[in-house]
Amino acid sequence: MTLIKSMTGYGRAVATVNGREFTAELRSVNNRYLDCTVKLPRILSFAEDAVKQAVKAAVSRGKVDVYISLKSETDADTSVTLNQAVLEGYLEAMHRMVDEFGVKDDISVSTIAKLPDIFTVEKPRLDEEQLLKDLMSVVEQAIAGYDAMRCTEGAAMAADLRSRGETILSLVEQVEQGSPQTVADYRARLEAKIKEVLASSNIDESRILTEAAIFADKVAVDEETVRLRSHLQQMNTMLSDGGAVGRKLDFLLQEMNREANTIGSKCSDVRLARVVVEIKAELEKIREQTQNIE
């Protein structure tokens, strides 16, 4: 089953491969799109694109920072040789300085060793293909740990969203149950007002029914509650299907807020107005959570 994932996460892997110790570290925060930055030693600069592609295969969006370090590298095959011809040239010039110009003869090994090109240092040629393979094995380990953390956080967020969805459903039921009572209360108030104005109990019952019907139509929220229920079901389906659903959830939440606002504008009853406020509060908490979902 595909799980939803958090956009925030951390992963780290350290391994020694073929005499080289690699450290790969990933951390990410929320971002509308995928933004991957890779920092690595100059010797590994050729691997930047491969690292980005590996991240792209695992992450859909978020600001991801990747840090690569190469702590040690074996130098067993490194050779240092003396440039004899260069040394002889330096010595000959120095001796002339002593003989012809009377310069003090203080020539020493430490002095000569500081001169340019005295030594030739030869390192084995890097096998970039093998080096990339070794590096990516460590990067993949770091990505696996990073992904596991995001899945754990995603599961917790999904559980929270489902719980808040259930809370909203119970609040919607209160609105649906209270709506007919609102119409009945309005009819009773209307009838009492007419009796008070006419000072008579002989009133036109059909007129009251008509006014009550007009009021009922104005405050009817059944269409909105049906759509809100449908949106909540869609949210649960998305959470069950998993994957990168953050943007879809964000759009769906906009629709749910629209329905809640419409219900609020139709609810003249104080009790129901308070229930709508609770619905909006839960939707806001859901919105905050969806900002963290990939």
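Q: Among contacts in the protein chain between residues at least 6 apart in sequence, what share joins residues at least 24 apart?
A: In this predicted model, the share is 80%, counted among contacts between residues at least 6 apart in sequence.

Q: How many residues does the protein chain have, what percentage of them count as buried, and what is the accessible surface?
A: The chain has 294 residues, of which 35% count as buried. The accessible surface of the protein chain comes to about 17300 Å², and carbon and sulfur atoms account for 51% of that area.

Q: Why can charged side chains pair, and how many salt bridges are counted here?
A: Side chains of opposite charge can pair when their charged atoms come close. In this structure the count comes to 17 salt bridges. One of them is formed by the side chains of Lys-5 and Asp-147, with an N to O distance of 2.8 Å. This pair links distant parts of the chain, since Lys-5 belongs to the segment before strand S1 (9-17) and Asp-147 to helix H4 (residues 128-198), 142 residues apart. Lys-5 and Asp-147 are both buried.

Q: Where do Glu-176 and Arg-229 lie, and are they buried or partly exposed?
A: Glu-176 is in helix H4 and Arg-229 in helix H6 (residues 222-241), so that their pairing links distant parts of the chain, 53 residues apart. Their side chains meet in a salt bridge at 2.9 Å, N to O. Glu-176 counts as partly exposed because its relative accessibility is 29%, and Arg-229 is likewise partly exposed, with a relative accessible area of 30%.

Q: Which residue forms a salt bridge with Glu-259, and which parts does the pair tie together?
A: The partner is Arg-227, and the closest N and O atoms of the two are 2.9 Å apart. Because Glu-259 lies in helix H7 (residues 246-266) and Arg-227 in helix H6, the pair ties together parts that are 32 residues apart in sequence. Glu-259 counts as buried at 6% relative accessibility, whereas Arg-227 counts as partly exposed at 34%.

Q: Which residues do salt bridges that share partners join into one network?
A: The network consists of Lys-5, Asp-147, Arg-150 and Glu-294.

Q: Why can residues of a helix that are a few places apart point the same way, and which residues of helix H1 are buried?
A: An α-helix has 3.6 residues a turn, so residues three or four places apart point the same way. In helix H1 (residues 48-58), the residues Val-51, Ala-54 and Val-55 are buried. They cover an arc of only 95° around the axis, and therefore lie on the same side of H1. The face turned away from this buried side carries the exposed residues Asp-49, Lys-56 and Ala-57.

Q: Which residues make the nonpolar surface patch, and which strands supply them?
A: The patch, of about 380 Å², is made by Val-80, Leu-82, Phe-119 and Val-121. Strand S5 (79-82) and strand S6 (119-122) each supply at least two of the residues in the nonpolar patch. Val-121 is found in strand S6, and its relative accessible area of 54% is why Val-121 is classed as exposed, the cut-off for that class being over 50%.

Methods:
Residues numbered from 1 in each chain as written. Predicted model: local features only at pLDDT ≥ 70, side-chain atom pairs only at ≥ 80, totals over all residues. Heavy atoms only, no water. Buried < 20%, exposed > 50% of the residue type's maximum accessible area, 1.4 Å probe, protein only. Contact = heavy atoms within 4.5 Å. Areas by Shrake-Rupley, 256 points an atom, 1.4 Å probe, with all protein chains shown as cover. Salt bridge = Lys/Arg side-chain N within 4 Å of Asp/Glu carboxyl O. Helix = DSSP H or I, 4+ residues; strand = E, 2+ residues; numbered from the N terminus. Arc of directions from axis to C-beta. Patch = residues over 30% accessible without salt bridge, like charges linked within 9 Å, V, L, I, M, F, W, Y side chains within 5 Å.
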